[in-house]
Amino acid sequence: MMQFKVPNMACSACSDTIAQAIKAIDPAATVQADPKTKLVEIETQASETAIRAAIATAGYTISD
Ligand SMILES: [Cu+2]
C-alpha cells in the first residue's frame, strides 16, 4: 500500500479528484483519501512514480 500526505486536499471534492486521477491510471486501484487527515492511501499495481505524477497533474502537492 502507498500512503501520501497531500496538504492541499481541502475537501471531499479534492479527494474525489485525486481518486479519479488515480483510477484513470489503474481502474482497479482502491483509494482512501481523507481531507481531514490529508492522507491518501492507495492499493494499486501502478508504480509509485505514476501515482505521484497523477496526483501532481490533478493539481495536488505531495509532502514527504
Ligand atoms: Cu476541495
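**Close-up views of a predicted model**

View 1. Two strands are said to pair if DSSP finds at least two bridges between them. Residues are numbered from 1 along each chain as its sequence is written, and side-chain values use heavy atoms, with hydrogens and water left out. Since the model is predicted, local features need pLDDT of at least 70 and side-chain atom pairs count only at pLDDT 80 or more, whereas totals for chains, interfaces and linings use all residues.

**View 2. Strand β3 and its two partners.** Strand β1 (residues 2-5) pairs with β3 in the antiparallel sense over four bridges, and Met2 stands opposite Ile42 in β3. Strand β2 (residues 30-34) also pairs with β3 in the antiparallel sense, over five bridges; here Thr30 stands opposite Glu43 and Gln32 opposite Glu41. In a regular strand the side chains alternate between the two faces of the sheet. For β3 (residues 39-43), Val40 and Ile42 belong to the covered face, while Leu39, Glu41 and Glu43 belong to the uncovered one.

View 3. Phi of Lys38 is near 70°, a positive value in a residue other than glycine. At 22% relative accessibility, Lys38 counts as partly exposed, the class between buried (under 20% relative accessible area) and exposed (over 50%), computed with a 1.4 Å probe on protein chains only.

**View 4. The packing of α1 and α2.** Helix α1 (residues 12-25) and helix α2 (residues 48-57) pack at an angle of about 135°, with their axes 9 Å apart; axes are lines fitted to C-alpha atoms, for helices over the stretch in contact, and angles run from 0 to 180 degrees between N-to-C directions. The two helices are therefore oblique to each other, a class that remains once angles under 35 degrees (roughly parallel), over 145 (roughly antiparallel) and 65 to 115 (roughly perpendicular) are set aside. The contact, meaning heavy atoms within 4.5 Å, is made by Ile18, Ala21, Ile22 and Ile25 of α1 and by Ala50, Ile51, Ala54 and Ile55 of α2.

View 5. Cys11 (SG) and Cys14 (SG) coordinate the copper ion at 2.0 to 2.1 Å; donors are N, O and S atoms within 2.8 Å of the metal (3.2 Å for Na, K and Ca), and water is not among the atoms, so sites may look incomplete. Cys11 is partly exposed, with a relative accessible area of 37%, whereas Cys14 is buried, at 10%. Tyr60, in the segment after α2, is buried with a relative accessible area of 13%, and its contacts beyond four places in sequence include Cys14, Thr17 and Ile18. The C-alpha atoms of Tyr60 and Asn8, 52 residues apart along the chain, are separated by 6.2 Å.
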